[in-house]
Amino acid sequence: MHTRPCAFKLFILWIIMAHISGQEDKEKTTALKDLLSRIDLDELMKKDEPPLNFPKTLEEFQYAFNEQGQLRHTKTGEPFVFNAREDLHRWNQKRYEALGEIITQYVYQLLETKCNMTKEIVPVDASEEEPKSFIYLSADAMSNPSKLLVLIHGDGVVRAGQWARRLIINQDLDSGSQIPFITRAKEEGYGVMVLNPNQNHLEQAKPIPLPSPEASDEPAQKRERKDDRESKKKRDFYEKYRNPQKEGETELIPIRENSSSEEHVQYVWDHFVSKAAARNVFIIAHSYGGLSFVNLMKHREAEVKSRVCAVAMTDSVHNIWHQEVNKSVQEWLHQHCRNWVSSPEPLDTPVEPMLTDCPRVSAGTERHELTSWRSFNSIFQFFSEARLAGEKYEEESSSAVTTRSSHRTKHKQDHDDL
């Protein structure tokens, strides 16, 4: 008789206790949030971190490239070690970035000394004050009457002369730089242009605004917005820790007519490639460089078709549907391009096409950044075949024109004899 009322009372007691427990958890959570809001997470992260002052040269880093083009420690002979300090990922990342900047300057030096290339400023009419970028040209890039090779790297931190900075640091110069391609091209009689599509902006520190004298009299709504920004800064802490950025706030000033990879490629075409003497232009475009080339075709279709003999893409990320490429461009890409893609298949094995524009073959590696280097010999073979095919077509066309002309002349003479 009393079982049901007793069970009901126990049920009510359980609900009350659960409610009290929930209230306690909520209060604890609120208290924890309040505590975190009082901690400067940026400063906490940096508390035991060594100063971010890194060497400015390879010698100071105690690294050098050996005869095989491998980066090695000058004392231990060991390869580069990323985790120089245990449990200091952010510091290690900053150190790696500092070394990367030195590598960039080292490759520029090789372009000028080993490859005998010269730096050309863009925009070509840039004033002293405005931000500038540059490309590299071989001595005969503009005057070579026969062949011109244009190199376009992908996106990210790489600059002129590089395919993949990671490979230069962790593997060797040959696999990660464009030096072997430039050397081979010059040996085979090409003029060479090395583009720099990631050098899009001048980065400079933002000026620190002076505090307003009326800061203490700010409207409540404005103070709330400032509080929201501080909260966002703390929320962004974990993302910043996982993907460290450069110290301090900076602003990016775009380089005129070169503020993106697509703009840069089109600008160099208009001011250099289109004015070069070479009858046949050949292009190697890695990753995002392939997209930039396809974008160029959209805007300079007739010019590209009349000058470019063949295009070798390596793991290109272009998309003809997304880029709204017309049918005639798709057909031209199918006839004149080849894309060496990351694949477990042996080198040059045909790979099922994802799009209908550009034949795809295996680069003989599954690593995206290695596709250019692994395709090295195949690319130059592809260029040779394309050039021979182009010359044969020109000869046949010329012969056909001559034959038709002779036929017309003979027909006219026969008519005059009547």
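These legends accompany close-up views of a predicted protein model.

Residues are numbered from 1 along each chain as its sequence is written, and side-chain values use heavy atoms, with hydrogens and water left out. In this predicted model, local features need pLDDT of at least 70 and side-chain atom pairs count only at pLDDT 80 or more, while totals for chains, interfaces and linings use all residues.

**View 1. The whole chain.** The protein chain holds 15 helices and 13 strands. Helices (H or I, at least four residues) and strands (E, at least two) are DSSP runs, numbered from the N terminus. Of its 418 residues, 40% count as buried. Buried means under 20% relative accessible area, exposed over 50%, and partly exposed in between (1.4 Å probe, protein chains only). The accessible surface is about 24,900 Å², and carbon and sulfur atoms own 53% of that surface. Areas come from the Shrake-Rupley method with a 1.4 Å probe; for residues, only the protein chains shown count as cover. Among contacts with a separation of 6 or more, 73% join residues 24 or more positions apart. A contact means heavy atoms within 4.5 Å.

View 2. A salt bridge is a side-chain nitrogen of Lys or Arg within 4 Å of a carboxyl oxygen of Asp or Glu. The count by this rule is nine. Asp 125 and Arg 256 pair at 3.0 Å, N to O. Asp 125 sits in the loop between strands E3 (118–122) and E4 (133–137). Arg 256 sits in the loop between strand E8 (250–254) and helix H10 (261–271), 131 residues apart from Asp 125. Arg 256 also bridges to Glu 257 at 3.2 Å, N to O. Shared partners join Asp 125, Glu 130, Arg 256 and Glu 257 into one network. Asp 125 is exposed, at 53% relative accessibility. Arg 256 is partly exposed at 31%, and Glu 257 is partly exposed at 41%.

**View 3. The Arg 166–Glu 369 salt bridge.** These two side chains meet at 3.5 Å, N to O. Arg 166 lies in helix H5 (165–170) and Glu 369 in the loop between strand E13 (360–362) and helix H14 (371–374), so the pair ties together parts 203 residues apart in sequence. Glu 369 counts as buried, at 14% relative accessibility.

**View 4. Helix H10 and its packing.** H10 is mostly covered, with eight of its 11 residues buried. The buried residues are Ser 261, Glu 262, His 264, Val 265, Gln 266, Tyr 267, Val 268 and Trp 269. They pack against E3, E4, strand E5 (147–152), helix H11 (288–299), H12 and E10.

**View 5. The second largest pocket.** Its volume is about 440 Å³. Of the 20 lining residues, Cys 309, His 336, Ala 386, Ala 389 and Gly 390 are the closest to its centre. Helix H12 (301–307), strand E10 (308–314), helix H13 (327–336) and helix H15 (376–417) each give two or more residues to the lining. H15 gives the most, with nine. On a 1 Å grid over the protein atoms alone, a pocket is an open set of points where a 1.4 Å probe fits, with protein on both sides within 12 Å along at least five of seven lines; lining residues have an atom within 4 Å of a point. The volume is the space filled by probe spheres set on the points, which are joined across faces, edges and corners.
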